[in-house]
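Subject: Handover of a structure and notes on its contents

Dear colleague,

Please find below the structure that I am handing over to you. My notes on it follow, and I would ask you to read them with the model open.

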Number of protein chains: 2
Amino acid sequence: MSLPRIAVDAMGGDEGVRVMIEGAALARRRHDRFKFLLVGDETRIKAALEKHPNLRSSSEILHSDGVISGEDKPSQALRRAKGTSMGLAIAAVKAGDAGAAVSAGNTGALMAISKVTLRTMPGIDRPALAALLPTLGDNDVIMLDLGANTECDSRNLVQFAVMGAAYARVALGREQPRVRLLNIGTEEIKGTDLLRDAAATLKAAAKDLSMSFDGFTEADKLCRGDVDVVVTDGFSGNIALKSVEGTARFVADLLRRGFTSSLRSKIGFLISRPATELLKHHLDPNNHNGAVFLGLNGIVVKSHGGANAAGVANAVAVTARLLEENVTERITADLARVGEASLRMPRAQEERA
Amino acid sequence: MSLPRIAVDAMGGDEGVRVMIEGAALARRRHDRFKFLLVGDETRIKAALEKHPNLRSSSEILHSDGVISGEDKPSQALRRAKGTSMGLAIAAVKAGDAGAAVSAGNTGALMAISKVTLRTMPGIDRPALAALLPTLGDNDVIMLDLGANTECDSRNLVQFAVMGAAYARVALGREQPRVRLLNIGTEEIKGTDLLRDAAATLKAAAKDLSMSFDGFTEADKLCRGDVDVVVTDGFSGNIALKSVEGTARFVADLLRRGFTSSLRSKIGFLISRPATELLKHHLDPNNHNGAVFLGLNGIVVKSHGGANAAGVANAVAVTARLLEENVTERITADLARVGEASLRMPRAQEERA
């Protein structure tokens, strides 16, 4: 059976068509069983493909005139979706012309168009943006939501936890994922009412949800590797993720300054290159690029707007892996197993309140 | 004229009396004009002082039986304050027995007791926790609130901006501080209604407030050094700060692993020590310890609960500098200059809405 195609929104991202196509071409070399649907301005895509015959021979181009910009509000993006590269890429997933879509465009627009076009899984009110972050432990940590939902209620957070746990079973192979809520302290009294409500619901339901709910975690423990899923609202998740990225860049810059400040340091740098390469690998956000919208009936992956070609290739590779692993079907089945009843619990609690 | 004393809550912090006393002793060596009021269990303080005759000779002990714990809610802490080391340290500032207080205890309790005991400056509804973070630019960046106010409205954020700007004029010597609001994007449509409201108010009033309001910033730009004051609510600020700290620790750990993984790396490490020392200095949160509650009629500094003696010494040094620079008087004067009228604006706006 041939694998479904990956639709690439060639127009999104700060760097435009060239980087998206170069990234897809890099990914294609690693995942040569995949075919691509490249969506956007045909002339520019064809020009970019000239350097990548390998990708060209495994791609089809779907022309679109329109582009969703970074300034478009989700509501505007929804109205304009049909004529845009982002809208067409997601419509291709809905129609079965592609198995998954990748875009580096406006996150809010991507969320809105994906939700309206693909709909959420049974029992899920809103999709959430999830990514794997590196840790000092044996496996990465899944964090969600990273920016799709600026404001969330406790019911959303509980559903994010359930989706995150299902993703952890698929992506990390953990049968009972260790789940925590991000908070500004670990004591039960810390944080907002909605965090405490979500914690109470998850604590009571953890066994039925096949997860180990370990309470709250603080943002300085994200990389420690003692938790599989960290759940938060999209505002805090985005702040945390970008703080991590900014600090990594800050450190990389300091290292560069330090190592180039004297001949002695330069020599030391050359000798210790394996160590600094390891660090560079971990610090470059391009190496962790590609966040997936969990909870949709279809795979939509967000590539960082500022990613380079290697970063785009990683986002496409994440997409390929999600497709190969049938992640949508498996999470849907997993959610059905833990039961819609469990997912509905928070609403019951809210009605009570 | 002799300088006012610094009251040290000797009982707060994860490490207890020994680290607080050792930290005060270290700070005393650097700021030998200061005297101290050490508040807490007299027997344990005396025992800890045995190793530090220099501090002992410049200190007085104020005995207390009670301690505010990390689990105490602010309301509980307020009721119990009088018999505790934290409560007595702040009461000493109120009574003029000390010029400033330092505590490594429960942040929420410290905020509540300080606010009730010392009261807020004219025009300020709530104090905010502010700290200086290192950047790649010429000066540090002031960030607030770092965790004193879990939930804020737009009026609070505007006041934090005004206080942050006043602090920047004192601590950074910038006449027109560059102020931004932390958000999950820089476009005007991004974020929550309250962030957009605060931005609109600051944009309109920036000139009167002697600041340059430059709109939103994202968390990955905190260390870039192109802004003097970053304003946010206490939840997001705490998430951002701890993400930065956690990433710094993550990187330091990776470096250690990388540099000790082979003989070659070890040699490289030794040769390039100036570079790694620079990095270590920047990465260790103890070197940036000491956040001040801005907006109070008195100086209260929060030391990180997990700080070591060097970290406590830095928090005490921050306190000493705030005292030497008369920061409370100068910020109060600065706020009076920009005018209570400006501070009241957000309320007018809210009434309109």
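Which residues are buried in helix H5 (residues 85–95) of chain A? In this predicted model, they are A:Ser85, A:Met86, A:Gly87, A:Ala89, A:Ile90, A:Ala92 and A:Val93. The buried residues of H5(A) pack against strands E1 (6–9), E2 (36–40), E4 (100–103) and E11 (299–302), and against helix H6 (107–118), of chain A. Just after this helix, A:Gly96 has a positive phi of about 85°.

In chain B, helix H12 (residues 309–324) may be considered next. H12(B) has 16 residues and spans 22 Å from its first C-alpha to its last, close to the 22 Å expected at 1.5 Å a residue. Because 12 of its 16 residues are buried, H12(B) is largely enclosed by the rest of the structure. Among the buried residues are B:Val312, B:Val316, B:Leu322 and B:Leu323. The N-terminal end of H12(B) is capped by B:Asn308, which places a side-chain oxygen 3.1 Å from the backbone nitrogen of B:Ala310. Just after H12(B), B:Asn326 takes a positive phi of about 55°.

Backbone geometry deserves a short note. Most residues other than glycine have a negative phi, and most peptide bonds are trans. A:Asn326, although not a glycine, has a positive phi of about 55°; this residue lies in the loop between helices H12 (309–324) and H13 (327–338) of chain A. With a relative accessibility of 42%, A:Asn326 counts as partly exposed. B:Arg119 is likewise not a glycine and has a positive phi of about 65°. B:Arg119 is found in the loop between helix H6 (107–118) and strand E5 (128–133) of chain B, and counts as exposed at 54% relative accessibility.

The peptide bond from A:Leu144 to A:Asp145 is cis, with omega near 0°. A cis peptide bond also joins B:Leu144 and B:Asp145, and B:Asp145 belongs to the loop between strand E6 (141–144) and helix H7 (154–171) of chain B.

Where is B:Arg28 placed? B:Arg28 is in helix H1 (residues 17–30) of chain B. This residue is buried yet has no salt bridge, and the nearest side chain of opposite charge, B:Asp32, is 5.6 Å away. Leaving aside residues up to four places away in sequence, B:Arg28 touches B:Arg33, B:Phe34, B:Phe36, B:Asn54, B:Leu55 and B:Ser58.

Finally, a search of the whole structure finds zero disulfides over all chains. A:Cys223 is buried, with a relative accessible area of 11%.

Yours sincerely

Technical notes. Residues numbered from 1 in each chain as written. Chains lettered and ligands numbered in written order. Predicted model: local features only at pLDDT ≥ 70, side-chain atom pairs only at ≥ 80, totals over all residues. Heavy atoms only, no water. Helix = DSSP H or I, 4+ residues; strand = E, 2+ residues; numbered from the N terminus. Buried < 20%, exposed > 50% of the residue type's maximum accessible area, 1.4 Å probe, protein only. Lys, Arg positive; Asp, Glu negative; His and termini not counted. Salt bridge = Lys/Arg side-chain N within 4 Å of Asp/Glu carboxyl O. Contact = heavy atoms within 4.5 Å. Expected span 1.5 Å × (residues − 1). Polar contact = N/O pair within 3.5 Å; in protein donor to acceptor, adjacent residues only side chain to side chain. Disulfide = S-S within 2.5 Å.
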